Amino acid sequence: MAREQLGICAEPNLHGLVLLMNALDGQEAVIRQILGNIPSIIHRLADQFSEANLSAVVAVGANYWDSLYPNNRPLGLAPFPAINVNDLEMPSVPFDVMLSLRADRYDVLHLASQQCFQMMQPYLELVEQCHSFRFMDGRDLTGFLDNPQAPRGRQKRTLALIDECEDAQFAGGSFLYYQRFRLDLQRWQQLTQVQQECIMGRGKLDGQLLATEQLLDESHAKIATTLDIGGQHLPLLFQNMPYGHLRVQGLLMFGYSANPECYLQWMRARLGEPGQQNYDMLLDYVQADSGAAFFAPSLNFLEEHAGL
């Protein structure tokens, strides 16, 4: 039975760190071995510091997958497309490998990243490193609850992980889409709470949907919903975390899915139709800086291909 990477469906943590890397030429064999060894490092540290709830996800970029695993490609894995609709831009910045770490202790997070990076450093170039954190009991930096419709418990696995019946080779794996959004905090804070709630489509304190007569079609809650018309969850699991310092801040968005197309459909719905003003109003205050597509294989897959 396929064993998924525990970080995919883990509960929220206090601290996060994402490492985005590009591979050096001709190092595929050793990189496969390193990726196969990382889960055991995380497992050992998670046992040693059990109160930290340490977890990790190793994912391989869509553009790099065929170089690393030339004979085994997940069906539907494709590069993140750069999209521009009505001057709303979703850029594409591909990376070869992602390591996403989360923990409730910052020191354990640092220790885990240090040990993993020492193995990777001779063969993978660190392009981007970003720390994230839990903000005000699960809110993003707008002050609103992030994704209050989020699935719970076992339902996470159903939405995020490929089922054995669908694809036995990649069972337990997940398509991962990553975007970094920058929030214009100064402009956002100039709005009144009523104006912010109108944009978000939810109450700021309780996260509840506004009354039907107050809920605009272009509100974030209406356009960026993760529920279908029948009220069922789309195959999307978000593990987002805020990031930032005094000059730049925003949200790191991690969208896991058993379906390779669902996240892109959701994202395009937020952008609306060309020439029309039916886009997610929150996009007037946030700007995507990067976007990349990955696949996070099962632990079985990483281990079985480590020695190839």
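Biologist: What percentage of the 308 residues in the protein do buried residues make up?

Modeller: This is a predicted model, and a residue is called buried here when its relative accessible area is under 20%. Counted in that way over the 308 residues of the protein, the buried residues make up 54%.

Biologist: How many helices and how many strands are there in the protein?

Modeller: The C-alpha trace that carries these elements spans about 60 × 40 × 35 Å along its principal axes. Within the protein there are 9 helices and 11 strands.

Biologist: What radius of gyration does the protein have, and what would a compact globule with 308 residues have?

Modeller: For a compact globule with 308 residues, the radius of gyration would be near 19 Å. The protein agrees with this expectation, because its own radius of gyration is 19 Å.

Biologist: What percentage of the contacts between residues at least 6 apart in sequence join residues at least 24 apart?

Modeller: A contact means heavy atoms within 4.5 Å, and the contacts considered are those between residues at least 6 apart in sequence. Of these contacts in the protein, the share that joins residues at least 24 apart is 79%.

Biologist: How far apart are the mean positions of the positive and negative charges of the protein?

Modeller: The accessible surface of the protein comes to about 14500 Å², and 50% of that surface belongs to carbon and sulfur atoms. As for the charges, the protein has 21 positive and 35 negative ones, and their mean positions are apart by 5 Å.

Biologist: Which helices do the buried residues of helix 6 pack against?

Modeller: Helix 6 covers residues 193-200, and its buried residues are Q196, E197, I199 and M200. Seen down the axis of the helix, these buried residues fall within an arc of 160°, so they line one face of helix 6. The partners against which the buried residues of helix 6 pack are helix 5 (185-189) and helix 7 (220-223).

Biologist: Which residue with a positive phi follows helix 6?

Modeller: Helix 6 runs over residues 193-200. The residue that follows helix 6 has a positive phi, near 80°, and is G201.

Biologist: How far apart in space are D184 and D167, C-alpha to C-alpha?

Modeller: D184 lies in the loop between strand 7 (174-183) and helix 5, and D184 counts as partly exposed because its relative accessibility is 31%. In sequence D184 and D167 are 17 residues apart, while in space their C-alpha atoms are apart by 42 Å.

Biologist: Is L161 buried or exposed?

Modeller: L161 is found in the loop between helix 4 (155-160) and strand 7. Leaving aside residues up to four places away in sequence, L161 touches E4, I8, C9, G172, G173, S174 and A258. Between L161 and A296, which are 135 residues apart in sequence, the C-alpha to C-alpha separation in space is 9.6 Å. With a relative accessible area of 8%, which is judged against a cut-off of under 20%, L161 is buried.

Biologist: What relative accessible area does N53 have?

Modeller: N53 is placed in the loop between helix 1 (28-48) and strand 2 (55-61), and N53 has a positive phi of about 50° although it is not a glycine. N53 counts as partly exposed, because its relative accessible area is 45%.

Biologist: Is D87 buried or exposed?

Modeller: D87 has its place in the loop between strand 3 (83-85) and strand 4 (88-90). Although D87 is not a glycine, its phi is positive, at about 65°. Since exposed means over 50% relative accessible area and D87 has a relative accessibility of 72%, D87 counts as exposed.

How values were computed: Residues are numbered from 1 along each chain as its sequence is written. This is a predicted model: local features need pLDDT of at least 70, side-chain atom pairs count only at pLDDT 80 or more; totals for chains, interfaces and linings use all residues. Side-chain values use heavy atoms; hydrogens and water are left out. Helices (H or I, at least four residues) and strands (E, at least two) are DSSP runs, numbered from the N terminus. The radius of gyration is taken over C-alpha atoms; the globule rule is 2.2 Å times the number of residues to the power 0.38. Buried means under 20% relative accessible area, exposed over 50%, partly exposed in between (1.4 Å probe, protein chains only). Accessible areas come from the Shrake-Rupley method with a 1.4 Å probe; for residues, only the protein chains shown count as cover. Lys and Arg count as positive and Asp and Glu as negative; His and the chain ends are not counted. The place of a charge is taken as NZ of Lys, CZ of Arg, CG of Asp or CD of Glu. The arc is that of the directions from the helix axis to the C-beta atoms.
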